[in-house]
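Here is a short report for a reader who is new to this structure. Look at the sequence and the model first, then read on.

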Amino acid sequence: MSVAPLRSCALAALALVSSASLLLPRPLQACGGCFSPPQATLIVQDAERILFHRDPATAKTTVWIEVRYNGPVNDFGWVLPLPSVPKVGVGTSYVFDRIDQATAPRFVTVRDFRAEGCDYGGISASSGGCGASDDMASGGAAAPRAAFGGGQNGGKGVKIVAQGQAGEYDYKVLDSDAAQPLLDWLNDNGFDTPDKALGIIESHLTKGDVFLALKLTNGAGLSGIRPIALEMDGADACVPLRLTAIAAEDDMQVLVYLLGPGRAIPKNQLHVRINPLKLRWPGGVNNYPEVLSAAIDEAAGRAFVTEYAGPAKNVTVLQPLADFNNDVAALYGQPISGRLGWSTGQLFPVGSLNASAFKIVSSGATLVVALMNNGLVLTEDVAGIIEATTAFAQQAGQTDVLTFYSELATGARQLGSSANAQKVDGEALFTALNSGFVAPVDSIRSAFESATTFTRLMLRISADEMDRDPIFGFNPALPPVDAIHAADVHTVCSARDQ
């Protein structure tokens, strides 16, 4: 079996926060440890979602990472060790949510009601599914200001090689000749980093990695925490689990999505398949996580399961089944169907990526008209962008920004007279929606069109098993893997049942 060669690790991530807690997904985290100050409780990660795309035409690697955070805005900080200085942008959770809707495992139970030896029909069943809402606080309309101090020199042996703003993130790219000055810089700048991270930082510096440090701009709210989109030259897919082990929860979920020339495979970890006979089919397969973990544990906790693999162009969202079939998407707590809805068809429908209706908005009243008639899918990120421009939800005392603008779009809520008359810069709103939502989604849509194969790999692992960093290659000869699993249930009654 041959795989494409890999040269360097495309992603390593050390997520650092100074207090509070991470709402660790459901969606995804950065790869790495999450730490709080010594006087607080250690913050641990319980899940990660990462998307990789290597474009063979440009030799550029795109990496998307999503982090969910719940705590004081001023305490948020994020550090990502990377193999080269990246182009930094923001993505949107809409991409991760749609991919999960399309490729998460689904379990269909086909029931045969011609029960053998029984004087009654087959057992009844109900459609199953899962999802949970995930509210985020309003970002307000405050103008963003730099969260870091100025200056090109990091001081104490740390060099700032690049800096700027992406969305509502203020970032710096750091380099250092030694680990201790960099660790000191992180602690001095609000990234509370434990001493046990020193060796891991040193190993990255030895490889020539740089460190991307992010904070929210002053005045930004929690809605400013968006997925990070990174673009680098000549980097390949790697998940640095050794760094994650510093602050990881037992049986942590790691989801890796890869777009490439063939089905993706782990090169330095095992690959296993679950035993379908251990799934609890009559119960709607609600024991999938346990069966998945058991399969991985048989490989000493160092193995991935391929949950989906197929032509990238063919990835679509299917209609959930109903009636007497159990069609369960194994999303387990991710805020998918409750907030996003389940729109079938194209992964990223072009008709839902049109912000032109907002270009002619001039007031609160015309904004409501645009919401009612727009061609842009209304997601948490879209609502956050609108709120950052208008602050209508804040003025109304509403913290659930998505619900607020969704109710305006459906007519369930109305703006007051003063808000209706408030001026809105439609050109600025249109530009923000395009750069902050439409363009990032469109870039991933194009990646799915240009890549040959999309692969979804799942790992559940505990900290003591994180002794190596998985790297991935591609093998075009491997067969596809369907996300839909079906089982026939045939009822057989014993004599005492009659």
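## Contacts and overall make-up

Among contacts in the chain with a separation of 6 or more, 79% join residues 24 or more positions apart. This is a predicted model. The chain has 498 residues, and 54% of them count as buried. It holds 12 helices and 22 strands.

The accessible surface of the chain comes to about 19900 Å². Carbon and sulfur atoms contribute 51% of that surface.

## Helix α1 against helix α12

Start with a pair of helices. Helix α1 covers residues 93-103, and helix α12 covers residues 426-450. Their axes come within 9 Å and cross at roughly 40 degrees.

Which residues of α1 and α12 meet? From α1 come Tyr94, Val95 and Ile99. From α12 come Phe437, Val441, Ile444 and Phe448. By class, this contact has 7 nonpolar residues, no polar ones and no charged ones.

## Salt bridges across the chain

How many salt bridges does the structure hold? There are 10. One of them joins the side chains of arginine 49 and aspartate 100, at 2.2 Å from N to O. This pair links distant parts of the chain. Arginine 49 sits in strand β1 (residues 45-55), while aspartate 100 sits in helix α1. They are 51 residues apart. Are these two residues buried or exposed? Arginine 49 is buried, and aspartate 100 is buried too.

Another salt bridge brings together the side chains of arginine 456 and glutamate 307, at 2.7 Å from N to O. Again, distant parts of the chain are linked. Arginine 456 belongs to strand β20 (residues 453-461), and glutamate 307 belongs to strand β14 (residues 303-311). The two lie 149 residues apart. Both arginine 456 and glutamate 307 are buried.

These two pairs are also part of a wider group. A network of salt bridges links Arg49, Asp97, Asp100, Glu307 and Arg456.

Arginine 445 pairs with aspartate 442, and their closest N and O atoms are 2.5 Å apart. Both residues lie in α12, 3 residues apart, which is about one turn of the helix. An α-helix has 3.6 residues a turn, so residues three or four places apart point the same way.

Aspartate 442 is at 29%, so it counts as partly exposed. The cut-off for buried is under 20%.

## Helix α2 and the glycine after it

Helix α2 covers residues 179-188. Its buried residues are Ala179, Pro181, Leu182, Leu183, Trp185 and Leu186. After α2 comes glycine 190. Its phi is positive, near 90 degrees.

## Two alanines with positive phi

Two loop residues other than glycine also deserve a look. Alanine 59 has a positive phi of about 60 degrees, although it is not a glycine. Where does alanine 59 lie? It is in the loop between β1 and β2 (60-65). With a relative accessible area of 33%, alanine 59 is partly exposed.

Alanine 391 has a positive phi as well, near 60 degrees. It lies in the loop between α8 (380-390) and α9 (392-395). At 8% relative accessibility, alanine 391 counts as buried.

## Isoleucine 274 in its loop

The last stop is another loop. Isoleucine 274 is placed between β13 (270-271) and α5 (288-297). Its relative accessible area is 18%, so isoleucine 274 counts as buried.

What does isoleucine 274 touch, not counting residues up to four places away in sequence? Its partners are Leu279, Tyr288, Val291, Leu292 and Ala295. Isoleucine 274 and threonine 306 are 32 residues apart in sequence. In space, they are 9.7 Å apart, C-alpha to C-alpha.

How values were computed. Residues are numbered from 1 along each chain as its sequence is written. This is a predicted model: local features need pLDDT of at least 70, side-chain atom pairs count only at pLDDT 80 or more; totals for chains, interfaces and linings use all residues. Side-chain values use heavy atoms; hydrogens and water are left out. Axes are lines fitted to C-alpha atoms, for helices over the stretch in contact, and angles run from 0 to 180 degrees between N-to-C directions. Helices (H or I, at least four residues) and strands (E, at least two) are DSSP runs, numbered from the N terminus. Contact means heavy atoms within 4.5 Å. Ala, Val, Leu, Ile, Met, Phe, Trp, Tyr, Cys and Pro count as nonpolar, Asp, Glu, Lys and Arg as charged, and the others, Gly among them, as polar. A salt bridge is a side-chain nitrogen of Lys or Arg within 4 Å of a carboxyl oxygen of Asp or Glu. Buried means under 20% relative accessible area, exposed over 50%, partly exposed in between (1.4 Å probe, protein chains only). Accessible areas come from the Shrake-Rupley method with a 1.4 Å probe; for residues, only the protein chains shown count as cover.
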